[in-house]
Amino acid sequence: MSSQPDTLIHSGSTHSDNRYQPPADPTFPLSFQHTSVLSREVIDALQPQSGGLYLDATFGGGGHSGAILAASGPNGQVIGLDRDLDAINNGQHLLNQFPDRLTLIHSRFAQMADVLAEKGISQVQGILMDLGVSSHQLDTAQRGFSFQQDGPLDMRMNGGQQSQDQSASDLVNTLEEKELSTIFFKYGEERHARRIARAIVQDRLQTPFTTTRQLARLIERVMPRSRKSHQRIHPATRVFQALRIAVNRELDELKTGITAALSLLAEGGRLAIISFHSLEDRLVKHTFREVATPPPPGPFPIQEITPPFRLITRKPIMADADEQKNNRRARSARLRVTERRIVEQS
Ligand SMILES: C[S@@+](CC[C@H](N)C(=O)[O-])C[C@H]1O[C@@H](n2cnc3c(N)ncnc32)[C@H](O)[C@@H]1O
């Protein structure tokens, strides 16, 4: 994976060569559907102020960025990052609405510190990371995330712009049975990982996997009947989640992203992370705890060291019943928040 940040920057206020080029599809902004989760809770957590600078590390459909801009008027600034160019291009409607206050950058959030440093920024007042995929990505068959619609078995969030990035079909057609089974078990918590991996390796000898429905059909075929009738979710759900996490190296991204985000927070600044599965949530929970815990006392009774961060959420914040009813994705959303302590001057 390249460590070079993408340099495509869209800003409502500049008119350089990097200016936004509208996509060919004139209905594009309308066709980009994503309902933000826990919006009110994110604003309560970040407490945006006029004059503050906020980083939305996962811009997506721009719903959270819009809420932060609205709450930080008249002078709050937002920088929105996304590794998916569709999301950045879709942001033109917000750039129009908040000229001079929003900047969009096509980048992975693991690179956020470098990307901001290039703009001369070393500190921000708040950061949001709303993990996973957008509904736009899931619902666009050609992106290959969905087992319900047929499309190329791709799943690269950046649409495969970097040629060295492997797609889901590359993994499914080339990895050893054991490697596939580990991915399905580790990232999808799929109990039938071995059975599915074995069937894939047998089937691909005849025909390599190229489409989402081809893989979904195989999983439907090999999944035990008991599992099919007892589970509310489609039998392919866990394998598709696992492949998506592997293709986009989501856990490595998150580890690097959290460290970078913590380093960018100004005193009193907050980092809010929304995760959608237990692997992500566990990582966020442990990291937030670790940086809010004082180091164990040394051999000499010196003054206790105050940790640099304090936990704002001991338990994750979940969507209320109304939001869960209206938005299925909200059911698994967990929001955790930490704050960089203000250092008292002695
Ligand atoms: C759940 S959506 C965000 C939705 C957004 N908060 C909203 O209100 O519309 C997640 C977005 O994060 C992006 N994303 C996921 N991993 C990323 C990463 N490592 N770096 C940058 N963007 C990432 C995805 O491309 C997707 O657009």
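**Figure 1. Contact between helix 9 and helix 13 in the predicted model.** In this view, I183, F184, Y187 and G188 of helix 9 meet R238, V239, Q241, A242, L243, I245 and A246 of helix 13. Sorted by class, the residues of this contact comprise eight nonpolar, two polar and one charged. Helix 9 covers residues 177–188 and helix 13 covers residues 237–247. The two helices pack at an angle of about 100°, and their axes lie 8 Å apart. Because angles from 65 to 115 degrees count as roughly perpendicular, helix 9 is described as roughly perpendicular to helix 13.

**Figure 2. Contact between helix 11 and helix 13.** Helix 11, formed by residues 212–222, packs against helix 13 at an angle of about 135°, with the axes 10 Å apart. This angle makes helix 11 oblique to helix 13. The crossing of these two helices is right-handed. On the side of helix 11, the contact involves T212, L215, A216 and I219, while helix 13 contributes V239, F240 and L243. There are six nonpolar residues and one polar residue in this contact, and no charged residues. Two residues of helix 13, V239 and L243, meet helix 11 and also meet helix 9.

**Figure 3. Packing of helix 14 with helix 15.** Helix 14 consists of residues 250–264, and helix 15 consists of residues 278–291. Their axes are 11 Å apart and form an angle of about 30°. Helix 14 and helix 15 are therefore roughly parallel to each other, and their crossing is right-handed. From helix 14, the residues in contact are E250, L251, L254, K255, I258 and L262; from helix 15, they are L279, E280, L283, V284, T287, F288 and V291. The residues of this contact divide into nine nonpolar, one polar and three charged.

**Figure 4. Surroundings of the ligand.** The ligand is surrounded by 25 residues, of which the closest are S36, H64, D82, D130 and E253. An oxygen atom of the ligand lies 2.7 Å from an N or O atom in the side chain of D82. At E253, an N or O atom of the side chain is 2.6 Å from a nitrogen atom of the ligand. R83 takes part through its backbone: one of its polar backbone atoms is 3.1 Å from a nitrogen atom of the ligand.

Conventions. Residues are numbered from 1 along each chain as its sequence is written. This is a predicted model: local features need pLDDT of at least 70, side-chain atom pairs count only at pLDDT 80 or more; totals for chains, interfaces and linings use all residues. Side-chain values use heavy atoms; hydrogens and water are left out. Axes are lines fitted to C-alpha atoms, for helices over the stretch in contact, and angles run from 0 to 180 degrees between N-to-C directions. Helices (H or I, at least four residues) and strands (E, at least two) are DSSP runs, numbered from the N terminus. Angles under 35 degrees count as roughly parallel, over 145 as roughly antiparallel, 65 to 115 as roughly perpendicular and the rest as oblique. A crossing is left-handed if the near helix is turned anticlockwise from the far one by less than a right angle, and right-handed if clockwise. Contact means heavy atoms within 4.5 Å. Ala, Val, Leu, Ile, Met, Phe, Trp, Tyr, Cys and Pro count as nonpolar, Asp, Glu, Lys and Arg as charged, and the others, Gly among them, as polar. A residue is near a molecule or strand if one of its heavy atoms lies within 4 Å of it. A polar contact is a pair of N or O atoms within 3.5 Å; within protein, one must be able to donate a hydrogen and the other to accept it, and residues adjacent in sequence count only if both atoms are side-chain atoms.
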